[in-house]
Amino acid sequence: MVAPADDAPPDNDVLWARSLHYSHSGSPGLIGVSVSVRQGEILALTGPRGSGKTTLLRCLAGSLRPEQGEVWFNSVPVHTMGALARERLRRDRFGWIGPEPHLVPELKVWENAALPLLIAGASHRTAKHTACEWLERLDIAAFARKRPGALTRAEAQRVALARALVNEPAVIFADEPTAPLHRAERALLLRTLTTAARSHEITVLLATHDEQSAAVADRRFALLDGRTAGAAVSAGPAETTEDQAACSLSA
Amino acid sequence: MLALRLVRGSRPLVQLRRLLVAATSAGAGFLLLYVLAEATARPAGSFPRLLWALVPLAAAVQFAVAVARTDPATRPREGMDAAGLGPVRLTLAAAVSTTVACTLGSALALAVFLHLRGDLAGLPFDAAGSGLLHAEQPLPVAAALTLLALVPAAASAATALALRPRPATAGLAPQTGVPWGVAVCACGLALQAYAGQGSPGLPAGWVLITLGLALTGPGLAYACGTLVLAVRPGALRLLAGRALQEEAPRLGRPLGVLCAVGAAALTALALRERGTVFAPLGPLTGPAAALVALCAAATLLTSAVEVRQARTATRETLTGLGAPGTVLRTAATLRASALVVVCVPLSWGVAQLTSLALTR
């Protein structure tokens, strides 16, 4: 991979993005966001709902293609990859856990956890062995032969975590993974995630709007209205539009 | 009318399905009118003919219900609920939209029927079927309208019943229907063997066989899934087999009905080879059989569409995990082939038994 010197990302960054722009059918989602993630760190993406955390995660994970800007993973450009290559990258190197567990309802718990390995072409025996090991580590081995419908939310979310961890990815994208959980379950899931990440040197990007959840991270990256928080967000024009909206409502 | 507004805004494929519903109900209505005209001209033996004409009607109703189930306009949706249109009113909207399609079909059937009899003049093929449709006999208007109202009434009632909001309960396992289905099938075969040709027992026997196969269908589809899963499945067989097991209740019934229709077709072929031509609806037996086969096949395809809609979330999950499109497509093909492999021999076997029973 030969790239111009000023374009190549720093060597110790596992993920690196520069001036990402993305809009959801017209309404801006990301406006010039740049971020770099170091190998093995846990980075919290903070910001209120609608600030662009999920969009940024999906751009970095290659499931969305930014309209402008670059995304590099281990010095490989993700933004120029074809759909197939990005699919393979997501399958082999990335793990994803969202606010909903999104388990496949007809598969048993261990089959859900083993799915990334099976899709990648691992044999039935290896996949089952590895998946059951991870379920054991996450304390949900007792449910291995049940269907996801029989699990509580916290248990289902831990299965989703096992599925994200099972192929020992380089990066795990955690998009509000604790959103549907109560505080005790929340702390447990985060502890599990961070312990697994540190022991296997997995980089974690944790999107959260919750201060306590963000506290487990090594570093924070704040977003607001699709921009890096602290960057010039002019208050003046926003107020004017609000006034105009109020006027047109009262008229 | 809200139902009509919802109908107007939908995509071409959905409109095509509704058009097919109108067309099949037109076919069923036309056959009923033909039976009525036959009965006014030759009252003898009209009851078994009427029973046979109910078979296309049942097929048309089954298809109409399957289409209503897949109709995106009448599915409970967030936007609709927010606008104050809950599941109950959407069920009513679905029933209304089915009634509209079927009534259109019935009106078309009446127009074509009168035209072919020569009662409406001035178009090509005018009075082309005056002999077949007994134009010399006056048509009893009340009876004709009652028969034509049968399809819309039955279809909308069945739609409302099938789509009524119910609390989610864990249904019976699909395998539980198999013994019942086999027993009902055996009863149907026995009835056919006892009744012989030309009596009302023959259609009743076929109804029992169809019912039995429809009861067996879910268990069979589940067994197909188990078969696909046998011996250390990889991703492909795992996804295909588990999906088959999951969707067995939904796909099994129309599959069983299609098996019964296939068996009936094979039986008719076997009987023809042995020199017995069996035509309960006279010269319209062929078109009626084609209509029933079309309805059964279209119902199965529509149920497949329903399954596809229900699996959207799963498909998105799998794509999110990086499953290549080929894996998903191959899994779908594998599911379909497994069903074909089990159902073709089943149809053949039932056809062997019925033709034995009818030519003993």
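Colleague: What distance separates the centres of domain 1 of chain B and domain 2 of chain B?

Modeller: Please bear in mind that this is a predicted model. Taken over C-alpha atoms, the two domain centres of chain B are 25 Å apart. The domain assignment places domain 1 at residues 1-164 and domain 2 at residues 173-360 of chain B.

Colleague: How many residues of domain 1 of chain B are in contact with domain 2 of chain B?

Modeller: There are 24 residues of domain 1 in contact with 23 residues of domain 2 in chain B. On the domain 1 side, the elements that give two or more residues are helix H2 (12-41) and helix H3 (46-70) of chain B. The largest share of that side comes from H3(B), with 16 residues. By class, the domain 1 side of this contact has 17 nonpolar, four polar and three charged residues.

Colleague: Which elements give two or more residues to the side of chain B that touches chain A?

Modeller: A general remark comes before the case. The size of an interface is often stated as the accessible area that is lost when the parts come together. Here I shall count residues in contact instead: 17 residues of chain B are in contact with 17 residues of chain A. On the side of chain B, the elements that give two or more residues are helix H9 (235-273) and helix H11 (312-320). H9(B) gives the most, with six residues. This side of chain B divides into eight nonpolar, six polar and three charged residues.

Colleague: How many helices and strands are there in chain B, and why does its radius of gyration agree with that of a compact globule?

Modeller: Chain B has twelve helices and zero strands. Its radius of gyration is 22 Å, which agrees because a compact globule of 360 residues would have a value near 21 Å. Along its principal axes, the C-alpha trace of chain B spans about 70 × 55 × 35 Å. Buried residues make up 45% of the 360 residues in chain B. Among the contacts in chain B with a separation of 6 or more, 80% are between residues 24 or more positions apart.

Colleague: Which residues of chain B does UniProt list for "transmembrane region"?

Modeller: The unreviewed UniProt entry lists several spans of chain B under that heading, among them residues 175-194 and 251-272. Such an annotation can be set beside the model. Residues 175-194 of chain B are 90% helix and 0% strand, with end C-alpha atoms 30 Å apart. Residues 251-272 of chain B are 100% helix and 0% strand, and their end C-alpha atoms lie 32 Å apart.

Colleague: How many helices and strands does chain A have, and what is the order of its open sheet of four strands?

Modeller: Chain A has eight helices and ten strands. Of its 251 residues, 46% count as buried. In chain A, residues 24 or more positions apart account for 70% of the contacts with a separation of 6 or more. As a general idea, strands of a sheet pair through backbone hydrogen bonds, in either a parallel or an antiparallel manner. The open sheet of four strands in chain A has the order E2-E1-E4-E5, with antiparallel pairing. Its edge strands, each pairing on one side only, are strand E2 (27-38) and strand E5 (76-77) of chain A.

Colleague: How many bridges join strand E1 of chain A to E2(A), and which residue stands opposite Trp16(A)?

Modeller: Nine bridges join strand E1 (residues 13-24) of chain A to E2(A), and the two run antiparallel. Trp16(A) stands opposite Ser36(A) in E2(A).

Definitions and conventions. Residues numbered from 1 in each chain as written. Chains lettered and ligands numbered in written order. Predicted model: local features only at pLDDT ≥ 70, side-chain atom pairs only at ≥ 80, totals over all residues. Contact = placed C-beta atoms within 7 Å. Nonpolar A, V, L, I, M, F, W, Y, C, P; charged D, E, K, R; others polar. Domains from an automatic or database assignment. Rg over C-alpha atoms; globule rule 2.2 N^0.38 Å. Buried ≥ 20, exposed ≤ 12 C-beta atoms within 10 Å, placed from the backbone. UniProt positions renumbered as here; feature names shortened; annotations may be inferred. Pairing = 2+ DSSP bridges.
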